[in-house]
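Below are my notes on the model you sent. The points run from terms and overall form to one residue.

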Amino acid sequence: MTERYICIHGHFYQPPRENPWLERIELQDTAYPYHDWNERITAECYAPNTAARTLDPQGRISHIINNYAKISFNIGPTLMAWLEAESPTVYRAILKADRQSLQNFSGHGSAMAQAYNHMIMPLANKRDKHTQVLWGIRDFKHRFWRPPEGMWLPETAVDIETLEILSELGIRFTMLAPHQARRVRRIGSQEWQDASGDRIDPTMAYEARLPSGRVINVFFYDGHLSQALAFGNLLERGDQFARALAGGFSSGRTWPQLINVATDGETYGHHRRHGDMALAYALNYIEVNNLARLTNYGEFLEKNPATHEVEIFENTSWSCGHGVERWRSNCGCNTGGHPGWDQSWREPLREALDWLRDNLERCYEEHAPQFLKDPWAARDDYITVILDRSTPCVQRFFRRHALHELSETEQTSVLKLLELQRHAMLMYTSCGWFFDELSGIETVQVLQYAGRSIQIGQELFGDSLEERFLQLLARARSNLPEYGDGRAIYERLVKPAVVDLEKVAAHYVVSSLFQEYPEQARVYCYQVKREDYHRHQTGALQLATGRIGVTCEITRESLDLSFGVLHFGDHNVAAGVQPDGADEGYRALVRDLTEPFLASDLPRSIRMLDRNFKVIYSLRSLFRDEQRRILNLILDTSLADAEAMYRQVYEHHAPLMRFLTELGMPLPGAFHSAATLALNSSLRRAFAEDTPVPERILPLLEEARAWKIDLDTGGLSYTLEQSLERLARYFRAQPGELPLLERLHAVVEMATSLPFELDLWQTQNSYYEMLQTIYPDFKARAEHGDEAARLWTDRFRALGERLVIRVE
């Protein structure tokens, strides 16, 4: 029997969602109870795959494994950057998995690189293709500390020029869909065989010989199995998944066979709930039952070099039956669910962005040579600055690329030129065209990148490209009448998001009334230095005046400003900022604002604010997260009053409500509403306590059950999960503390009896780690007669039972 190999590939990717002016993802309410979709998908997929469960026959967790170490995977560079900053535990676990895979697979790591920001490569110009591949490689080396062997092409979209660039830059292999193969032949043979229509055999590696004389290896994933995995029911059971993979082998093949599948990595947990567990079980099942040898593409290629060469269909992809038309025309590909809609907006959107890119390139080539030896080589190397924006790194970059020693103003100009180029590539992120509607968040995101490029271009070159861009964009029509066209969407959803240093200052000034900032504060990707600050308060009224310096960490641009801000109570705030002038003018500003305020002359205070500042900012001017935080602070008092009133209504009428329930009568709407608000708020507070107390929580839950209250299960479960994770951390830090163990056990016991599902993933991880590291020592001491250790092990085992983990 020939050698049998199985390789499972996951393409883990999210589009960059960061606000282009803040370099941070802002609050996304649709991801509730999580802050944003990256955070939610991390909780549902990226994190679970670092600690996936396999169950014993009794349904208890028997092992927790890192799936990434046993599969092939790529993770988009922009997603990896987000994980590094926002979910460092998951980030480190992924890097560790790649190191483990080097041991598993004969020195070949399972991680593959990806073209940088998921641009559809055949639709890009050659220069952008080169930079996308190079940035993907450099980002990979920076994170994984090794060169990548393979690279994932976004949407597997391919043309010969892209393959040439991959090969030129040292990439040994890539992956394509089976329908992208045109014809094949044995190396050395003159006779080609037609492979179109998914007829290529995906169980071997192929060699693509390129016009330059270079060569790159190509794997084609099994289309039928991959389709069943992504859209069928293969992940309902791990053993079913494993047997389906093994069923792809054929006794008629005489060569070492590779069964390989490829799907979005989010299939394992986000698209398919518990898909991470099915994957873990399948991997274990394959190994335990000796169905095949698990491998990755690098190892398989070393052991089984290509014996056949292939020619591909250019301008094709895995997710569009019309080639790459999904990203430039109304080809008919869409996500469905909207009869009557079309995607005719795709073509004018691409044409508008192409026009903008070409004009920005022209301006870049005109202006960059006065500062840089080779502007395009500098752009290629700019990834080093993106990965490390520290002053030493930036200065090293300038020493490599600058024509002469640059002044601070010239350094800012160069950084702006390069940021212009970065955003001009980010605006081609594929998701901007993938979905059905022009006003969707993915398309608005790419328009925001375009808006940032336009803003930088205006600052650098003076002449604005925005008007002509909007004329072209107006040809793109929304499916939603309220949005009209691309121009209206840009003006409604992009223009208000534009940020400059004065707007950052306004954000700082307004929020300074609601929180204490240190003298040097970080506001997203800006540094704010407080030079002078005075605050006065009269009752609910507040006035603050001062001077600050604002510096952008990205471009090093800075501005000194003076300000004044009035808070009239509640949400009523008025603030002004302006470039700082001479000391005399600043003292006059402070006097103009302070004197009427101290005299309780509010109308004059407002007039002085209007007279001294051209633009007045309000809470509407705050960036979304801080705006929400401050509004929550303002609402706290009002909500507390409302909750107290509802609780009073509920408690006063509770006996009558019980009597009505006993008689089988429905509760009047007012009573039911009062009970819903009172019980949900009481439970939320009880769950959020440092140590939740079951004796206080269980009666509330019983009342909610009796009154048939709709609980906020999403918010309540999230709150209690956070409390449990906190308790587990306390216990892990002090494992010998029996009272801590008993408190954790009591809360877990209560949590597992709740009328809604709770995700105990992190708590189980902490327990499992202690089971491997701490428990054996206590167990040994208990076996030698240590009574305290015996009590500890008994309680620890009981906790394991509650967490559904096999202890012995």
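1. Buried means under 20% relative accessible area, exposed over 50%, and partly exposed in between (1.4 Å probe, protein chains only). By that cut-off, 56% of the 808 residues in the protein chain are buried.

2. This is a predicted model, in which local features need pLDDT of at least 70 and side-chain atom pairs count only at pLDDT 80 or more, while totals for chains, interfaces and linings use all residues. Residues are numbered from 1 along each chain as its sequence is written, and side-chain values use heavy atoms, with hydrogens and water left out.

3. The protein chain has 29 helices and 19 strands. These are DSSP runs numbered from the N terminus (helices: H or I, at least four residues; strands: E, at least two).

4. Along the principal axes, the C-alpha atoms fill a box of roughly 95 × 80 × 60 Å.

5. Contact means heavy atoms within 4.5 Å. Of the contacts in the protein chain between residues at least 6 apart in sequence, 69% join residues at least 24 apart.

6. Threonine 763 lies in helix H27 (residues 761-773). Is threonine 763 buried or exposed? Threonine 763 has a relative accessible area of 3%, so it is buried. Leaving out residues up to four places away in sequence, threonine 763 touches Leu724, Glu725, Ala728 and Leu803.
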